[in-house]
Amino acid sequence: MLDRLRTIVSSKPTPQKALQEEDTTNGEEQREEWDRPIEFILSLIGLGNVWRYPYIAFRNGGGAFLIPYFCVYFLIGTPLFFLELSLGQFTSRGATAAFKMSRMFKGVGWAMAINSFFVTIYYNIIIAWCLFYFFASFRKKLQWSDCGNWWNTERCLNADASDNSTARFLCLATDRSSNCTLPILPPEEYFDHYVLRRSNSLEDMGTPHWALTLCFLLAWILVAACIIQGIKSSGKVVYFTSLFPYIVIFALIIRGVTLPGAARGISFYLKPNWSKIGEFQVWIAAASQVTFSLSVAFGSILGYASFNKFKSNYLRDCMIVTGCDCFTSVFAGFAIFSILGFMSYKTGLPIDQVAKAGPGLAFIAYPQALSIMPGGPFWAVIFFFMLLTLGLDSQFALSDVTISGLLDTFPGLRRYKTYVIIGYCSVCFLVALPICAPGGIYLFTLMNEYSANLSVIVCAFFEFIIISYVYGFNNFMEDIRMMLGRRPFEPYWFFTWCISGPIITLVVFFSSLMQFRPPTEGNYAYLTYANVIGWLMVVASVIFIPAVMIYEFIKAWKATRNYQNEISNDMPHYLRMLTYASQPQDEWGPARKEDRHGRYEVLTPKTTEPIEHRNKLDDKSRIFNGNFNNAFDSQSDICSRL
């Protein structure tokens, strides 16, 4: 009777049948693998440290931001990074297919894919800015080095103060009048008035600027080419793209600290403003930056880890990558803040007012440093090529999350993979084209503030819950033992996965809601309709979690209702339904046959008995016999340890 029930109730084929079908439908096709572990490690280093961290720290009190940043890194960032590496390497599947450990939580993978989709739409404009600056650097004199250009205004102040006619516009922070006009250095005017052609508001969108649009188109062509080539090609270039940035940033730091006023900027960067530590907004910003910098809860880490060999020592990789990522964030901040100190010295303004704290900060402070370096054009070409390659690597990973989700959901599209990639990139280009318009920077900031914050925290929370209390901490540790040959330091992972991770992400989520303030871009405050669009982006991602959960509950209700009289009446119907919906799918486990052993072992073709159930939670004989406590033995074990 149990065999009959298993056949009818399950909407999927038995594991052995599923594996046989994978052989014939390319489900177990020869998946690409990293040639060397170092290529995997270097590929995980992204652009968020270089362009996003400095302005997040700048906006949240400089040195005060380091304390919550390190705390969140230890309690959320590293644990979540290791969790996703484990899940990706164990299943050899992307985000949308990796969460089959629980039927009702499969929507978490799709929520991640939607997060990645939104980020890829606006993230590629950064690559377009890099291309714009890269092409503009092939000149004897950098265009943003002085005020003698048609886009400069009367407020422009040369960095060398050679233009004394601008002195009357200089407003000292200690003596400002109502008629005072603040000076602006050339790189800021170049970015606002020439690159962006910035308008006054989102409502004044305008038409896309042709030069920036061509750079944006080229950026998407490069991304499509990277995805089509796969990790075999991208794994080779990371030796340059991940190591060379340290040389460039180090050169910028050396130049920056030799400038007058640099000490003031570095002091602002390192000296904590203790009043900021108690502000929830700073901690929320730290959580947002950690998740963005490590790319956790976006699905890209799962995707990268899925190309690992099953026995790879990814615990070592996790420690190396998270350590380097944190170091890179702080390291890049020295280059930015030493230049901000110099800009403060030249303008007479406080450091927190010398430049707008926005995503364009890296395209103002870095160009300022390049313009005053010996051989500035040469260093500019090298620097923006560095940003370009870092950005492409990150964009490739984010785009592949959604593309892999489509291919995993619709396997028939695999034979048209190249066309799917081209179609996806074309759609993203057309959707994001308004960002190239004069009002595009306001759309960019809107998407950056909404799509990369709250919904990511929600996904991170459910990742902790699934591993700790649904699938079970002990079960997951046993899966890790299959790959590493041992269970790593359990007290730390137990504390962070089961206690601190869920609590902190939940606190950050509700604090974000209670203290939410509509974002601003410069002096522009977004109108109601813009904020509604922002919240719709959040909902568009998070909605997949309850939607899939409801769908699986309906399936579980139908399955358990039809057989409740044949099996047992000891367990209430709603508990049978909940238990069934929380179980792994039949095909859960390592994707490759050679990696299936122990409770995941596939019996030989001569054996007529069904496959041994691979997970304690997947034993339907106990579920439908009403042994509810045994079915949730891992959860009970966790609760007892708590």
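**View 1. Ser92 counts as buried, at 1% relative accessibility, and pairs with Arg592.** Here "buried" is under 20% relative accessible area, "exposed" is over 50%, and "partly exposed" is in between, using a 1.4 Å probe and protein chains only. Everything shown comes from a predicted model, where local features need pLDDT of at least 70, side-chain atom pairs count only at pLDDT 80 or more, and totals for chains, interfaces and linings use all residues. Residues are numbered from 1 along each chain as its sequence is written, and side-chain values use heavy atoms, leaving out hydrogens and water. Ser92 sits in the loop between α6 (66-91) and α7 (95-98); helices (H or I, at least four residues) and strands (E, at least two) are DSSP runs numbered from the N terminus.

**View 2. Ser92 and Ala297 both carry a positive phi without being glycine.** Most residues other than glycine have a negative phi. For Ser92, phi is near 55°. Ala297 comes in at about 65°, in the loop between α14 (280-294) and α15 (300-305). Ala297 is buried, with a relative accessible area of 0%.

**View 3. Four residues make up a "binding site" in an unreviewed UniProt entry.** The record lists Ser293, Leu390, Asp393 and Ser394. They span 102 residues in sequence, but no two of their C-alpha atoms are more than 13.2 Å apart, so they gather at one spot. A word of caution: UniProt positions follow the numbering used here, feature names are shortened, and annotations may be inferred rather than shown by experiment. Leu390 is buried at 3% relative accessible area, and Asp393 is buried at 9%.

**View 4. Helix α8 (residues 107-136) has a bend at Thr120.** With 30 residues, α8 reaches 44 Å from first C-alpha to last, close to the 44 Å expected at 1.5 Å a residue; the expected span is 1.5 Å times one less than the number of residues. The bend is about 35°, taken as the angle between axes fitted to the seven residues ending at a position and the seven starting there. Of the 30 residues in α8, 27 are buried, so the helix is largely enclosed by the rest of the structure.

**View 5. Cys147 and Cys156 form a disulfide.** The S to S distance is 1.9 Å, and the rule asks for a pair of cysteine sulfur atoms within 2.5 Å. The torsion about the S-S bond is about -80°, so this disulfide is left-handed. Both Cys147 and Cys156 are buried. Cys425, by contrast, is in no disulfide, with the nearest cysteine sulfur, that of Cys428, 6.5 Å away. That gap is too far for a bond. Cys425 is buried at 3% relative accessibility, and Cys428 is buried at 0%.

Note on methods
A polar contact is a pair of N or O atoms within 3.5 Å; within protein, one must be able to donate a hydrogen and the other to accept it, and residues adjacent in sequence count only if both atoms are side-chain atoms.
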